[in-house]
Amino acid sequence: MSSETLIVPVNPGLFCNKLIVCTVYSILSVKYNKSISFSNYGEDYLPYLFEFLDKEKLDIVDSPLSNWQAIPQEILDLGCKNTEYLQCSGTAKLFAENLHLVFKDEVINQEPIDGIFVHMRLGDIDEKYRQGRDYYDLALQRIPNYRNMKRYVTSSELHSETVKSFAKEFDFEIYKGGREETLKFGSRFTNKILSQGTYSWFMGMLGSSNNIIYPAFYEDKIWHDPTLYEPTGWHCLYYRN
């Protein structure tokens with residue numbers, strides 16, 4: 001396998017951690033006119049990655065599973081301290097400027113929905129890293145006339161008391177779609193209230209960028225590079241007194 005092929009490595013993270021890495025390698029393969037190999041990925045992930053990545057925009061080749069590749073210079077040039085997850089401002093900038101090169105047009109160009117979509121990350125992360133109702137309640141108050149808009153809230157823990165109480169108090173519909181469907185649907189909204197993590201981050205990167213609110217990274221709630229959350233126009237909310 002020549003250096004003209006980028007072999008996408010597999011990190012141990014969840015779906016969107018893998019989607020970030022696959023997208024970064026895909027963008028760089030197009031920008032630098034290289035082929036790309038996803039041979040390290042099995043059927044557990046590959047079909048779902050290609051709900052977003054467009055095979056027709058990529059020069060995909062096979063590579064032996066034993067083939068090892070040093071971290072390409074193009075990856076190092078992003079400036080990410082952690083080259084396994086690639087979560088840094090260099091990645092955010094690369095996505096903002098180049099996502100159209102590798103994502104399906106129907107994913108990028110969805111019709112915007114005038115309303116609010118709230119994503120609460122709860123069950124798949126240690127409690128000390130989660131945002132509580134104080135953040136979501138305050139973020140909602142930053143959206144004028146929110147009661148006159150379509151309103152949805154979702155989470156991997158749809159039956160949690162946090163989700164149910166928020167939905168009841170502010171008259172939100174609880175959205176119950178699958179992982180990929182929810183990501184695409186939530187990205188269409190003109191107002192997005194995000195939690196921390198790559199699933200929320202992707203929801204912000206895709207679709208409407210009219211009003212995107214995300215929680216401040218306090219020292220006791222940081223587990224990845226917070227500069228990932230700094231695309232132009234996003235609003236950081238400091239929710240502690």
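**Briefing: cysteines, aromatic rings and helix packing**

Ring pairs join F15, Y45, F52, F95, F103, W201 and F202 into a cluster; rings of Phe, Tyr and Trp (its six-membered ring) pair if their centres lie within 6.5 Å. The model is predicted, so local features need pLDDT of at least 70 and side-chain atom pairs count only at pLDDT 80 or more, while totals for chains, interfaces and linings use all residues. Residues are numbered from 1 along each chain as its sequence is written, and side-chain values use heavy atoms, with hydrogens and water left out.

**Cysteines**

- The structure has 1 disulfide, a disulfide being a pair of cysteine sulfur atoms within 2.5 Å.
- The bond joins C80 and C88, whose sulfur atoms are 2.0 Å apart.
- The disulfide of C80 and C88 is left-handed because the torsion about its S-S bond is about -60 degrees.
- C80 is buried at 9% relative accessibility, and C88 is buried at 2%; buried means under 20% relative accessible area, exposed over 50%, and partly exposed in between (1.4 Å probe, protein chains only).
- C22 takes part in no disulfide, and the nearest cysteine sulfur, that of C16, is 11 Å away.
- C22 has a relative accessible area of 0% and is therefore buried.
- The closest cysteine sulfur to that of C236 belongs to C88, at 18 Å, which is too far for a bond.
- C236 is partly exposed, with 32% relative accessible area.

**Aromatic pairs**

- There are 25 aromatic pairs in the structure; planes under 30 degrees apart count as stacked, over 60 as edge-to-face and the rest as tilted.
- Y152 and F185 form an edge-to-face pair, because their ring centres are 5.3 Å apart and their planes stand at 85 degrees.
- Y152 belongs to strand β4 (residues 150-155) and F185 to helix α8 (residues 179-187), so this pair ties together parts that are 33 residues apart in sequence.
- Helices (H or I, at least four residues) and strands (E, at least two) are DSSP runs, numbered from the N terminus.
- Y152 is buried at 17% relative accessible area, and F185 is buried at 16%.
- W201 and F202 also form an edge-to-face pair, with 5.3 Å from centre to centre and 80 degrees between the planes.
- Both W201 and F202 are buried.

**Charges over rings**

- The charged end of K55 sits over the ring of F50, 4.9 Å from the ring centre; this requires NZ of Lys or CZ of Arg within 6 Å of the ring centre and within 35 degrees of the ring normal.
- The charged end of R179 sits over the ring of Y48, at 5.2 Å from its centre.

**Helix packing**

- Helix α1 (residues 15-31) packs with helix α9 (residues 198-205) at an angle of about 50 degrees, and their axes are 8 Å apart.
- This angle makes α1 oblique to α9; angles under 35 degrees count as roughly parallel, over 145 as roughly antiparallel, 65 to 115 as roughly perpendicular and the rest as oblique.
- Axes are lines fitted to C-alpha atoms, for helices over the stretch in contact, and angles run from 0 to 180 degrees between N-to-C directions.
- On the α1 side, C16, N17, L19, I20 and T23 meet T198, Y199, W201 and F202 of α9, where contact means heavy atoms within 4.5 Å.

**Surroundings of T190**

- T190 is in strand β6 (residues 189-193) and is buried at 13% relative accessible area.
- Not counting residues up to four places away in sequence, T190 touches P112, I113, D114, G115, S208, N210 and N211.
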